[in-house]
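Here is a short briefing to read alongside the model.

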Amino acid sequence: MKSPCGTHLITLFVPTAALLALASLPAQAQPSLTEIARCEALQELRDMTILNADIRANSADGASYCYVRGIISPAIHFHVQLPLQQNWNGRFLQWGDGGKDGDLDFAPQRLAEGYAVANSNLGHDSGVEPGASFAFNNRQAEIDFGYRAVHLTAAAGKRLVAAYYGRRQDYSYFEGCSQGGRQGLMSAQRFPDDFDGIVAGAPAFNYQGLNAAGTWNLQRMFRDGLAGNLAVDTDGDGSFDSLALMDVLHNQVLAQCDALDGIRDGLVSDPLACTFEPTADLAGLMCPSDTASDQCFTPAQLQTISDFYNGPRDDSGRQVYPGKMLGSEPQWAGYYIPWQGNDMAPGKLTGVAVDHMNYLFYEVDPGIAVPDLRDIDYEPDTDAVIPEFHWFHWDINDFHSGAGELMKSITDANDPDLHRFVRGGGKLILYHGLMDTLIVATDTIDYYQQVVDTTFAGSLAEAQAHARLYLAPGMGHCAGGPGLNNWDKLAPLVEWVENGHAPESIIATHETDGLVDNERPLCTYPQQAHYIGPAEGADEPANWVAANFECRIR
């Protein structure tokens with residue numbers, strides 16, 4: 001209809017339930033009726049399947065935004081958070097996932113900064129198909145998980161951006177760690193036009209290798225009646241009640257490796273330069289008999305330690321995955337060591353799904369997971385209509401046998417040829433915590449070097465114009481740990497993409513009770529931060545500030 005002056009009027013209808021919901025929003029989140037109508041109109045898009053679109057309040061700052069949820073056939077659920085027009089910074093951000101995913105993740109802090117943020121469930125729901133079980137005899141689910149969901153979610157998110165704001169985004173970014181890091185590298189390799197810039201932290205790009213290593217590491221702990229377990233039963237009741245032996249091991253490593261960066265701060269900042277060798281360096285700490293103690297090592301425990309540092313090899317001596325980095329020992333317990341504190345079920349056994357070999361390694365799945373993953377003596381029923389397969393029986397020799405090649409082609413993001421990504425102007429920031437024991441930083445370092453050799457003909461200078469790697473001493477898997485674990489992962493990438501300022505270094509901190517107690521630059525690899533502050537105060541936290549370090553080649 002037209003007004004008497006000839007201009008068009010928009011008739012708005014807002015359902016009573018929606019008005020009541022909006023009334024409950026805080027004052028700063030109250031949108032205009034026009035904004036409400038623009039958001040709800042997204043439900044009527046004829047070229048997308050939108051389940052709902054409504055105004056909500058951001059948990060980070062209380063500001064209102066348009067929340068949209070949709071589905072991409074057959075089972076990829078996605079959602080997009082769209083700041084109101086006046087709050088949008090003109091950028092699209094795809095938020096990465098973790099673990100095996102299966103849910104919808106939010107990034108309220110990025111929404112508060114003005115990004116339009118998208119994420120998906122990778123094509124399955126973890127509430128009904130936990131761990132890797134979603135992939136059982138389901139090739140489509142494996143493909144969606146491997147690469148299809150992220151690519152199509154990016155397309156869906158950008159379509160909604162254009163519809164809601166009436167124009168395309170100025171820049172498109174991806175930010176993720178772990179599974180999200182794998183997704184970022186997969187995008188750069190397979191869909192190089194999806195993003196202008198990618199942040200890939202602790203990337204699980206060597207996906208089958210790292211899961212093979214995780215299973216093999218658990219087998220080291222559980223074999224031979226737990227003889228090599230690094231938790232100790234101190235009173236003989238079978239409870240494995242002490243982890244003190246891990247402190248003994250870590251202290252031995254620190255004594256040899258801590259000061260390589262010029263200070264003693266409880267961190268191994270250059271594990272690749274450390275020469276600690278367990279057989280030789282723990283020789284004086286061997287138990288007088290095979291009786292376990294939490295102050296000395298048995299031969300079986302020493303073998304487990306050596307296995308962890310060396311990493312898995314098959315019977316032909318071929319490396320499957322790198323070993324754990326020196327200095328990462330305090331992180332082993334949470335993922336790999338069965339003891340009374342985790343009810344003999346370390347995180348890799350349950351939380352990060354040791355059922356990977358049941359469902360996501362072989363072209364033909366061998367069977368469902370056994371009822372109790374801790375029971376290594378359980379005999380799986382391999383003749384049932386739906387057979388069982390026990391993780392403890394998985395053979396490391398299968399890794400190079402060809403049995404897992406199809407799944408490697410679907411899930412692994414280890415192609416070092418990034419010509420198409422950099423040709424389009426794409427920028428890549430890799431980062432990895434040196435204390436990470438779930439995904440080992442050595443693998444990321446090796447991949448980066450392969451990118452230098454393959455994409456940039458061996459020129460490190462050319463590589464650093466497009467892709468940079470940063471290593472964080474003392475940081476665990478994506479976060480945490482006693483070291484440098486706090487910095488804005490996205491801001492340096494945005495500055496690089498939009499203004500051409502590549503980050504020579506990134507200032508990272510560690511906090512205790514909200515106070516910074518360690519700070520230094522994360523240097524562009526292969527440089528590392530070395531202390532140049534007052535010599536007499538090298539071991540005093542007050543001097544561990546960025547100005548007292550310089551980036552230099554080892």
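The lining of the largest cavity divides into five nonpolar, four polar and no charged residues. Here Ala, Val, Leu, Ile, Met, Phe, Trp, Tyr, Cys and Pro count as nonpolar, Asp, Glu, Lys and Arg as charged, and the others, Gly among them, as polar. This is a predicted model, in which local features need pLDDT of at least 70, side-chain atom pairs count only at pLDDT 80 or more, and totals for chains, interfaces and linings use all residues. Residues are numbered from 1 along each chain as its sequence is written, and side-chain values use heavy atoms, with hydrogens and water left out.

**Largest cavity**
- Its volume is about 50 Å³ (the space filled by probe spheres set on grid points joined across faces, edges and corners).
- Lining residues (those with an atom within 4 Å of a point on a 1 Å grid, over the protein atoms alone, where a 1.4 Å probe fits but cannot get out) are G266, L267, V268, L326, G327, S328, L434, M435 and G474.

**Second largest cavity**
- About 30 Å³ of space lies in the second largest cavity.
- Around this space are Q94, W95, D97, N119, S120, L122, V150, T153, F174 and Q183.
- Two or more lining residues come from each of β4 (91–95), β5 (116–120) and α4 (139–165) (DSSP runs numbered from the N terminus: helices are H or I, at least four residues, and strands E, at least two).
- By class, this lining has four nonpolar, five polar and one charged residues.

**Helix α6**
- Of the 20 residues in α6, 17 are buried (under 20% relative accessible area, 1.4 Å probe, protein chains only).
- α6 bends by about 35° at Q219 (the angle between axes fitted to the seven residues ending there and the seven starting there).

Methods. Buried means under 20% relative accessible area, exposed over 50%, partly exposed in between (1.4 Å probe, protein chains only). On a 1 Å grid over the protein atoms alone, a cavity is a set of points where a 1.4 Å probe fits but cannot get out, and a pocket is an open set with protein on both sides within 12 Å along at least five of seven lines; lining residues have an atom within 4 Å of a point.
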